[in-house]
Amino acid sequence: TEEPTEEPTEEPTEEPAVEVTHPLGSCPDDLAGYAAAFPAVIAAAGDAAAIEDWMSTCGSLTEERGELILTELTGDDLEDAVVYPTIVSDIGFGPEGSQGAVLIYHANADGSLELVHSPPIYGAPTPLKIDDLNDDGQLDVAWSVESCSISCVLEVQIVSWAGDVYTSTIEPGATIAEGTASFAPVGPDDPGTGQELLLEGGVSKAPEGGLAVPHTERWQSIDGGKLRRIDWRYDQESEGGNCLGLRLVEADIALQAVDILGYGEAIKRYTSALTEPLEACSIFGMTAEDELVLLQGLASFRLIQALGLSGDDAGAAAALDELLQAQPEGPYTSAAQQWLESYAAEGDPLAACDAIQQIFDENDELWLITDQ
């Protein structure tokens, strides 16, 4: 019999990369290339449609990602540009590997464009609004950045031109998991001015992401300052929305905004958390009974602090008496009693906190119980 013969094989060859070309110029290799290319592309294009066609041909603009905004930003009647080129790669931080840049160009009198702001971006940017958001007489540029690992997190960033550099006009922490960001006019009864930022959602897809209860955050500017969080409300109609721990998070946010809202809102929320028929969250691996004891102790402790700081000495003393009756040997009871005594004697809330720090250092559950 004849021995089988092997078919001759050819070494595989790599297909040469196809260079994408466009009448406005070659496509950049990366986002840094886009930053360098836009001044010439915008100058040669003549209109937004031609620029968008170039971006689309090069893959940095689709219906889902990327944006071009031509507008006046600095009050000199020259057309500036804000560009959000977004590409997809194996190193992108955004959904499905998307990665973008935020590029702000100012126009010069001779018609040229100068890149004046290009902040670090880790994910896919989406423009939100260009307007005087904090009512200080200056335009703000707002966008969100979506970055993903197990779940996707949205962060809102806002900057304003300060005459020589762009500076942030929002406090850190404007992030929400699997959520949305939008702006709306500040209401007539609200403390802020201009427009408020609404963050809605917040239900993480992470396996250990806690309770699947969405919430809404409201961020406003006070007297033309940076936008800051003034309110946080969970959806009480959602499954798990009657959790005492969530109510305490709402109250804590109100306590952080006492310089704007006063102590009344925080006191109302802590009091409500102690009087409504709420349940344990059961996310810490302990029994519901043990968790409720800790949450109720924390609610009372915070209520006593809020009442004391507001100047209601009688109310703070009455709340402490109730805590002593409910949890005579509880750690929060000891902390509240020592804190109130120290604050009454010295009038220094920070020194009063220092006096009880060891109680919390020795028991992590006391400060981790609301997952905040």
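Strands S13 (residues 193–201) and S14 (residues 215–221) run antiparallel to each other and are joined by six bridges; here strands are DSSP runs of E, at least two residues long, numbered from the N terminus, and two of them pair if DSSP finds at least two bridges between them. Glycine 201 has histidine 215 of S14 as its bridge partner. The two strands belong to an open, antiparallel sheet of four, ordered S12-S13-S14-S15. S12 (180–185) and S15 (227–234) sit at the edges with a single partner strand each, so one side of each has no neighbour in the sheet. From one strand to the next, the twist averages 25° (axes are lines fitted to C-alpha atoms, with angles from 0 to 180 degrees between N-to-C directions).

All of this comes from a predicted model, in which local features need pLDDT of at least 70, side-chain atom pairs count only at pLDDT 80 or more, and totals for chains, interfaces and linings use all residues. Residues are numbered from 1 along each chain as its sequence is written, and side-chain values use heavy atoms, with hydrogens and water left out.

Average pLDDT (the predictor's confidence in each residue, from 0 to 100) is 91 for the chain, and 92% of the residues score at least 70. Where pLDDT is low, the predicted coordinates should not be read in detail.

As for overall dimensions, the C-alpha trace spans about 90 × 85 × 35 Å along its principal axes. Of the chain's 372 residues, 42% are buried, that is, under 20% relative accessible area with a 1.4 Å probe, protein chains only.

How values were computed:
Buried < 20%, exposed > 50% of the residue type's maximum accessible area, 1.4 Å probe, protein only.
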